[in-house]
Amino acid sequence: MKRNRPPVWSVVGLMTMVLVSQWELSCCGMTLNSVPLRRVPHKIQKAGAGLGSRTHHRQRRSWVWNQFFVLEEYTGDDPLYVGKLHSDVDKGEGKVKYVLSGEGASSIFTIDENTGDIHAIKRLDREEQAYYTLRAQAVDHDTSRPVEPESEFVIKVQDINDNEPKFLDGPYNARVPEMSPVGTSVVQVVATDADDPTYGNSARVIYSILEGQPYFSVDPKTGVVRTALPNMDREARDQYLLVIQAKDMVGQMGGLSGTTSVTVTLSDVNDNPPRFSRKSYQFSVPESLPVASVVARIKALDSDVGPNAEMEYRIIDGDGLGMFRVLVDKDTQEGLITLQKALDFETKAGYSLRIEASNKNIDPRFLSQGSFSDTASVRLIVENVDEAPVFSSPVSKMVVSEAAKVGTVIGTVSANDPDATNSPIRYSIDRNTDLERFFNIEATTGVISTAKPLDREVNAIHNITILAIESLDPTQVGKGSAIITVMDINDNAPVFAIEYETILCENAIPGQVIETISAVDKDEPPSGHRFVFSLTAEAAGNMNFTLRDNKDNTASILTKRGGFQRRKQSMYRLPVLIRDSGSPVLSSTNTLSIRVCECDSNGDRQSCGTEAFMLSAGLSTGALIAILACILTLLVLVLLIVTMRRRKKEPLILDEDRDVRENIVRYDDEGGGEEDTEAFDMVALRNLNVVRDNKARRDVTPEVTALYTPRPPPYKAATNNGIFREFIWDRLKEADVDPSAPPYDSLQTYAFEGSGSVAESLSSLESLSTDSEHNYDYLSDWGPRFRKLADLYGQSDSSNIFAS
């Protein structure tokens with residue numbers, strides 16, 4: 001907060017000091033405000049000598065100034081005089097001009113260029129800027145050439161007390177434990193003053209407490225707030241609001257001040273013991289209350305809070321030590337009295353307890369005030385309740401054989417009314433636990449008997465609920481359980497443990513184990529299972545297999561011979577008889593399927609059953625798949641060709657006279673595949689009597705041509721079918737002389753194929769059978785897979801190594 005102009009006397013005094021200083025420094029050739037020049041001694045001596053005699057030559061020297069001073073917050077109407085600059089060169093003739101530059105030159109500070117007087121034309125604030133650095137220059141008035149070197153000086157803004165102390169961190173919040181001794185430190189408050197701390201007392205602060213006495217005090221110099229009264233009790237008052245003042249000028253009159261608030265909260269200590277509001281309590285407890293139920297709640301009061309109010313309860317005396325226990329509710333700090341054993345009004349109608357409550361966390365400083373615990377008496381009255389019937393044994397265990405006949409007595413259950421009325425009891429079975437009604441119970445006696453035949457393999461244990469109902473009050477129902485175990489009899493024959501898939505290799509040798517079998521039986525004899533394996537009577541004399549009982553509930557199937565062939569018989573069925581060791585002995589016949597397969601030298605299966613017959617020609621599975629794929633591809637191509645033919649709207653040849661050749665025209669799109677780039681080679685069809693050259697056809701790959709091209713047979717005249725032969729011959733002549741006509745080789749080649757055909761046989765097998773240059777005897781060395789090919793292509797006089 002800015003203050004008004006300083007008192008008049010301070011300004012006058014300051015101006016007087018300035019005038020004196022100017023008079024004292026005028027003899028030295030320059031004038032400063034308040035602070036004399038700092039010059040070297042020899043220059044001062046020369047300047048002093050100049051006072052007595054002006055005729056001596058004066059040596060040129062540099063300007064040296066210290067700081068000027070100017071009061072802040074000046075509010076006068078006229079510019080504030082700061083000081084005067086004067087050079088030795090200036091003789092008062094108006095030839096020297098003074099120039100001012102630097103911070104605030106012209107805008108804040110002005111200089112009379114003729115006299116060197118400096119004035120402040122604006123109000124200054126030291127808190128915004130404490131000093132200004134300027135430069136002064138004395139120059140020739142006409143030429144503006146420097147007559148003195150440029151010099152730098154400082155104008156310092158002199159502080160006045162125009163800022164009050166401020167608490168930058170306020171308002172404050174603090175905590176102090178209750179019952180703290182006098183002088184306990186609470187918090188330290190700090191005030192700052194923006195005035196100059198190095199000048200006067202404007203920034204020297206003194207603290208005092210305006211509100212909060214007599215409970216608290218504050219240190220005048222440090223601002224530390226302390227307790228001022230002993231035994232401040234949180235339970236009486238837990239919060240105080242303090243007002244702290246900070247005043248500058250060391251608290252003197254005319255100083256500025258600022259205030260802040262301090263909220264002091266007393267924190268709790270355990271200085272209060274727990275106390276029961278009553279010395280005795282009485283509660284009623286129904287005898288039917290379940291064990292572990294809460295029968296009563298009591299609470300000791302504690303004025304403290306938090307951990308200091310946490311309680312512990314215990315039973316220290318009474319006749320219910322074994323019947324009840326007391327726990328703590330952590331949320332409410334109540335004592336919960338819980339039931340440990342079942343109550344019985346007819347046995348005992350009431351209990352007495354003495355319960356102690358104590359603090360869990362005790363402060364030793366306050367033990368001198370007395371014990372931090374309290375006791376109270378609790379009386380528990382047991383109320384009589386009409387109770388449901390009670391079984392003499394909650395769970396009854398019974399045993400019955402699965403061969404028991406309907407009506408067989410299994411056991412008896414018993415219940416009684418615990419009340420003094422001793423009402424008669426009627427029994428029944430909860431049918432939700434016996435849905436199929438296997439058992440019955442006699443209503444008055446509790447005798448349980450079978451109602452249906454039992455099967456241990458279906459249900460070995462029955463757990464049924466028995467209801468006991470009071471005759472006088474049917475709403476009183478007691479429940480008990482009867483666990484009935486069904487004993488096993490030998491009524492199930494043994495069977496194979498799994499469904500076996502037995503594989504027999506063709507190269508199996510006599511006495512080889514091909515399968516190990518085991519059995520299972522639904523029955524469970526006390527001594528465990530013992531199975532006996534054998535072949536049935538009709539299979540005992542077979543020449544293929546035998547059975548060996550391993551005496552460990554397993555049996556091995558062995559071969560009697562070797563040389564099994566899947567082509568002769570691919571599957572064998574062996575009946576096996578399995579007997580158990582029960583009484584009576586039960587048996588069953590199980591059929592073992594044995595499949596003959598081709599195996600490698602290691603005995604690993606390669607092919608079996610139907611697949612074996614298909615592979616008898618020496619073809620592998622991959623080859624069969626490839627053949628099937630080719631057949632499927634050809635079928636698809638044929639279907640596509642037929643579809644395309646049906647979509648044609650016009651025949652290829654429009655001449656009605658040539659309708660006879662329509663079937664031949666349908667083969668016009670036959671080609672040579674990927675290598676047929678020039679359609680058909682017409683030369684081969686020009687004339688059958690012309691000897692064919694060695695030019696390879698473009699519609700057949702070179703490899704196939706080299707291997708399968710037959711020797712061109714001479715043209716033979718057929719004696720039969722003269723009409724067809726003449727028709728074909730006429731058409732062939734027309735095709736020979738017409739290069740644009742499509743070839744009709746399909747009809748001429750395949751219509752009369754065979755020994756009587758014009759083109760003779762086109763079979764590659766026949767062409768290579770006798771006079772072929774190739775020899776296929778090596779196929780005989782390739783094994784059974786190439787047996788058929790060796791028979792077809794081998795030499796007729798060679799021996800067949802695969803003949804059986």
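This report describes aromatic pairs, charges over rings and salt bridges in a predicted model.

## Aromatic pairs

The model holds 14 aromatic pairs. One of them joins F496 and Y500, whose ring centres are 5.3 Å apart with planes at 90°, so the pair is edge-to-face. F496 is buried at a relative accessible area of 13%, and Y500 is buried with a value of 13%.

F564 and Y572 also make an edge-to-face pair, because their planes stand at 85°, with the ring centres 5.7 Å apart. Both F564 and Y572 are buried. Elsewhere, one aromatic cluster is formed by F276, Y281, F283 and Y313.

## Charges over rings

R237 places its charged end over the ring of Y215, 5.5 Å from the ring centre. K348 lies over the face of Y351, at 5.2 Å from the centre of that ring.

## Salt bridges

The count of salt bridges is 16. Among them is the bridge between R234 and E235, with an N to O distance of 2.8 Å. R234 is buried, at 14% relative accessible area, whereas E235 is partly exposed, at 27%.

D329 and R297 meet in a salt bridge at 3.6 Å, N to O. This pair links distant parts of the chain, 32 residues apart: D329 is in the loop between β20 and β21, and R297 is in strand β17. D329 counts as buried at 18% relative accessibility, while R297 is partly exposed at 44%.

K348 also forms a salt bridge with D319, their closest N and O atoms being 3.5 Å apart. D319 lies in the loop between β19 and β20, and K348 in the loop between β21 and β22, 29 residues apart. D319 is partly exposed, with a relative accessible area of 42%, and K348 is partly exposed at 30%.

Terms used
Residues are numbered from 1 along each chain as its sequence is written. This is a predicted model: local features need pLDDT of at least 70, side-chain atom pairs count only at pLDDT 80 or more; totals for chains, interfaces and linings use all residues. Side-chain values use heavy atoms; hydrogens and water are left out. Rings of Phe, Tyr and Trp (its six-membered ring) pair if their centres lie within 6.5 Å; planes under 30 degrees apart count as stacked, over 60 as edge-to-face and the rest as tilted. Buried means under 20% relative accessible area, exposed over 50%, partly exposed in between (1.4 Å probe, protein chains only). A charge sits over a ring if NZ of Lys or CZ of Arg is within 6 Å of the ring centre and within 35 degrees of the ring normal. A salt bridge is a side-chain nitrogen of Lys or Arg within 4 Å of a carboxyl oxygen of Asp or Glu. Helices (H or I, at least four residues) and strands (E, at least two) are DSSP runs, numbered from the N terminus.
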